[in-house]
Amino acid sequence: MITNEQREKLRGWFAGRLPDDLFEELTELTVDREEILVVGRIPAPRLAEDAPATEREAALESRAQEFRERTREDRMAVAREAEHRFRRKVSWGVECGGRRTLFTHVAAPVMTRLRQPERQVLDTLIAGGVARSRSDALAWCVRLVQRHTDDWLAELRDSLEHVQRVRAQGPDTEPDPAPGADDRE
């Protein structure tokens, strides 16, 4: 968990370090313990207004792939610097014509111990064709909880940030000198 100030510094570093012509706009920068995800908007391909949905989808997919190939060296150079500086992997994605495409991103293993009732929930999702494995089923459950509790999770993150600030002001920190202490002789 990082603070808003750390997130702002991270976003500022990327805004300053990314080549000016890489994205039209840096739309998203998210971070967790393992990964920094950088997503930017790129221009949509020019199509006729009455272009069929299939043609539009193929054009958007091609544009994202073209961007990925053309910018690989630049993105990798930025990623190497960021990974060294921030000790996290960097992943990339684009938004193009209302479509979001992620290139490489971290799939971090999560260790957990589940009792039989929880395992049965995951197995039901597998049997119902919602997931291919227990790992997929667990990820599906997490996304479902996230979708329905975004406000609550945001409030919890804000509370955790406040706790981190208070901890940083704890008894192990150096106290500010008393006003006028340097003026004494």
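Q: Is Arg 99 buried, partly exposed or exposed?
A: Keep in mind that this is a predicted model. Buried means under 20% relative accessible area, and exposed means over 50%. Arg 99 comes out at 23% relative accessibility, so the label is partly exposed.

Q: Which residue forms a salt bridge with Arg 99?
A: In general, side chains of opposite charge can pair when their charged atoms come close. For Arg 99, the closest N and O atoms of the pair are 2.5 Å apart, and the partner is Glu 57.

Q: How many residues apart in sequence are the parts that Glu 57 and Arg 99 tie together?
A: Look at where each one sits: Glu 57 is in helix α2 (residues 53-70), and at 38% relative accessibility it counts as partly exposed.

Q: Which residue is joined with Glu 25 and Arg 41 in one salt-bridge network?
A: Start with the pair itself: the side chains of Glu 25 and Arg 41 meet in a salt bridge at 2.3 Å, N to O. Both are partly exposed, Glu 25 with a relative accessible area of 40% and Arg 41 at 32%. Salt bridges that share partners bring in one further member of the network, Glu 95.

Q: How many residues apart are Glu 25 and Arg 41?
A: Their salt bridge has an N to O distance of 2.3 Å. The pair links distant parts of the chain, with Glu 25 in strand β1 and Arg 41 in strand β2, and the gap is 16 residues.

Q: About how many turns of helix α1 separate Lys 9 and Glu 5?
A: These two side chains also meet in a salt bridge, at 3.6 Å from N to O. Lys 9 counts as exposed, at 57% relative accessibility. Both residues lie in α1, four residues apart, which is about one turn.

Q: Is the aromatic pair of Trp 13 and Phe 86 stacked or edge-to-face?
A: A pair of aromatic rings is described by the distance of the centres and the angle of the planes. Here the centres are 5.4 Å apart and the planes sit at 85°. Planes over 60 degrees apart fall in one class, so this pair is edge-to-face.

Q: Which residue joins Trp 13 and Phe 86 in one aromatic cluster?
A: Trp 13 lies in helix α1 (residues 4-17) and Phe 86 in helix α3 (residues 72-86), so their pair ties together parts 73 residues apart in sequence. Trp 13 counts as buried, at 16% relative accessibility. The cluster holds one further residue, Phe 14.

Q: Which element supplies the largest share of the lining of the largest pocket?
A: The largest pocket has about 2200 Å³ of space. Of the 42 residues that line it, the closest to its centre are Asp 32, Glu 34, Val 142, Gln 146 and Arg 157. Elements giving at least two lining residues each include α1, α4 (116-127) and α6. The largest share is nine residues, and they come from α5.

Q: How far apart in space are Glu 34 and Val 106, C-alpha to C-alpha?
A: Glu 34 lies in the loop between β1 and β2, and it is partly exposed, with a relative accessible area of 38%. Glu 34 and Val 106 are 72 residues apart in sequence, yet their distance in space is 7.6 Å.

Q: Where is Arg 87, the residue with phi near 60°?
A: Most residues other than glycine have a negative phi. Arg 87 has a positive value, and with a relative accessible area of 64% this residue is exposed. Its place is the loop between α3 and β3 (89-96).

How values were computed: Residues are numbered from 1 along each chain as its sequence is written. This is a predicted model: local features need pLDDT of at least 70, side-chain atom pairs count only at pLDDT 80 or more; totals for chains, interfaces and linings use all residues. Side-chain values use heavy atoms; hydrogens and water are left out. Rings of Phe, Tyr and Trp (its six-membered ring) pair if their centres lie within 6.5 Å; planes under 30 degrees apart count as stacked, over 60 as edge-to-face and the rest as tilted. Buried means under 20% relative accessible area, exposed over 50%, partly exposed in between (1.4 Å probe, protein chains only). On a 1 Å grid over the protein atoms alone, a cavity is a set of points where a 1.4 Å probe fits but cannot get out, and a pocket is an open set with protein on both sides within 12 Å along at least five of seven lines; lining residues have an atom within 4 Å of a point. Grid points are joined across faces, edges and corners, and a volume is the space filled by probe spheres set on the points. A salt bridge is a side-chain nitrogen of Lys or Arg within 4 Å of a carboxyl oxygen of Asp or Glu.
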